[in-house]
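Subject: Handing over the structure, with notes on what was found

Dear colleague,

I am passing on to you the structure that I have been reading through, and I would be glad if you kept it open beside this message. The notes that follow go through it topic by topic.

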Amino acid sequence: MPYIKSEAIILAKKTFGDADKQLVLVTDSDTVIEAKIRKAKDTKTRWACVTEPISIVDCELYERSQRFMITSLSLQKYYSSFGTSFEKSAVSEFISEAVCFFVPQDMEESGIYELLLNSFECLDASKNPFYSMGLFLSGFFALLGYPIDTQYCSLCSGSIDEGAFFDYGSTSFLCDVCAKPGMPSVPGFAIEALRRMQYADWKNWEMDEKLVKGVCTLLARALERKFEKNLHSTLHVIGL
């Protein structure tokens, strides 16, 4: 069976038996897979220090009957800052959990590798960890096939620059005429913040921390409701 060489991001690790680990990887071909690596739990082996989430690695995979075994692994980059900041650690855990929850394994999801790479680079470099979370969530909705229009009402195509209401069911904005009672209102400056997140130019962002956190809360709740999966434990740790 074929050997596959790939650059990958380690999202999570699981124990497997007495000595092995099972890693959740996102490869540079945009596929989420689980792969076993033997004897990685032994701290004396060469594998022990290169299997930590969140790491970028070069790996060689052996595939048999749609099961993967890691035969070679080398570390490209480990985001050490995530281990020294509680908020960065929590946001990286949220991003990893969201991908593991919502992206089916062994299925290609075009753009997921680049989105994760950009999000983790942002998280590593930015003073505000929620920039990374907003960057990830706004791109994640588009990647899953539910891009959020920040220009017009999804029903009547009217402008929403001055503010709108958010429909969790359709993950879209509605103007005050089309909105239904009970929908959360979103001011125009928050919609503008989301618009800037969608363009992913985080190095030039200068936004209020509470504003970014509010937009992230809206998007995280929308993700939960859209797919009926609960991320509450992780969100609670982050403070959303």
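This is a predicted model: local features need pLDDT of at least 70, side-chain atom pairs count only at pLDDT 80 or more; totals for chains, interfaces and linings use all residues.

A pair of aromatic rings is described by the distance of the centres and the angle of the planes. A search of the whole structure finds 11 such aromatic pairs. One of them is formed by Tyr79 and Phe82, which are stacked, with 5.0 Å from centre to centre and 10 degrees between the planes. Phe82 also pairs with Phe120, and here the arrangement is tilted, with the centres 6.1 Å apart and 50 degrees between the planes. What does this second pair tie together? Phe82 lies in the loop between strand E5 (67–78) and H1, whereas Phe120 belongs to helix H2 (residues 112–125), so the pair links parts that are 38 residues apart in sequence. Phe120 counts as buried because its relative accessibility is 0%, and Tyr79 is buried too.

Elsewhere, ring pairs join Phe101, Phe102, Phe136, Phe140, Tyr146 and Phe227 into a cluster.

Among the buried residues of H5 are Leu211, Val212, Val215, Cys216 and Glu224.

Both ends of H5 deserve a look. Asp208 caps the N-terminal end of H5, with a side-chain oxygen 3.0 Å from the backbone nitrogen of Lys210. Just after H5, Glu228 takes a positive phi of about 55 degrees.

Three strands form an open sheet in the order E7-E6-E8, and their pairing is antiparallel. Its edge strands are E7 (172–174) and E8 (185–187), each of which pairs on one side only, and the twist averages 45 degrees from one strand to the next. E6 and E8 are joined by three bridges, and Ala164 has Val186 in E8 as its bridge partner.

Which way do E3 and E5 run, parallel or antiparallel? They run parallel and are joined by two bridges, and Lys36 stands opposite Met69 in E5. E4 and E5, by contrast, run antiparallel, with 10 bridges between them, and the bridge partner of Ser55 in E5 is Tyr78. E4 and E5 form a hairpin with two residues between them, and Ser65 in the turn has a positive phi of about 55 degrees.

Finally, some points in the loops call for careful reading. Most residues other than glycine have a negative phi, and most peptide bonds are trans. Asp30, in the loop between strand E2 (20–27) and E3, has a phi near 70 degrees, a positive value in a residue other than glycine. Asp30 also counts as buried, because its relative accessibility of 14% is under 20%. Ser157, in the loop between helix H3 (129–143) and strand E6 (163–167), likewise has a positive phi, near 65 degrees.

The loop between strand E3 (32–37) and strand E4 (55–64) contains Ile54, and the peptide bond from Pro53 to Ile54 is cis, with omega near -10 degrees. Thr51 lies in the loop between E3 and E4 as well. Is Thr51 buried or exposed? Thr51 is buried, with a relative accessible area of 0%, and its side chain makes a polar contact of 2.9 Å with the side chain of Lys21.

Note on methods: Residues are numbered from 1 along each chain as its sequence is written. Side-chain values use heavy atoms; hydrogens and water are left out. Helices (H or I, at least four residues) and strands (E, at least two) are DSSP runs, numbered from the N terminus. Buried means under 20% relative accessible area, exposed over 50%, partly exposed in between (1.4 Å probe, protein chains only). A polar contact is a pair of N or O atoms within 3.5 Å; within protein, one must be able to donate a hydrogen and the other to accept it, and residues adjacent in sequence count only if both atoms are side-chain atoms. Rings of Phe, Tyr and Trp (its six-membered ring) pair if their centres lie within 6.5 Å; planes under 30 degrees apart count as stacked, over 60 as edge-to-face and the rest as tilted. Two strands pair if DSSP finds at least two bridges between them. Axes are lines fitted to C-alpha atoms, for helices over the stretch in contact, and angles run from 0 to 180 degrees between N-to-C directions.
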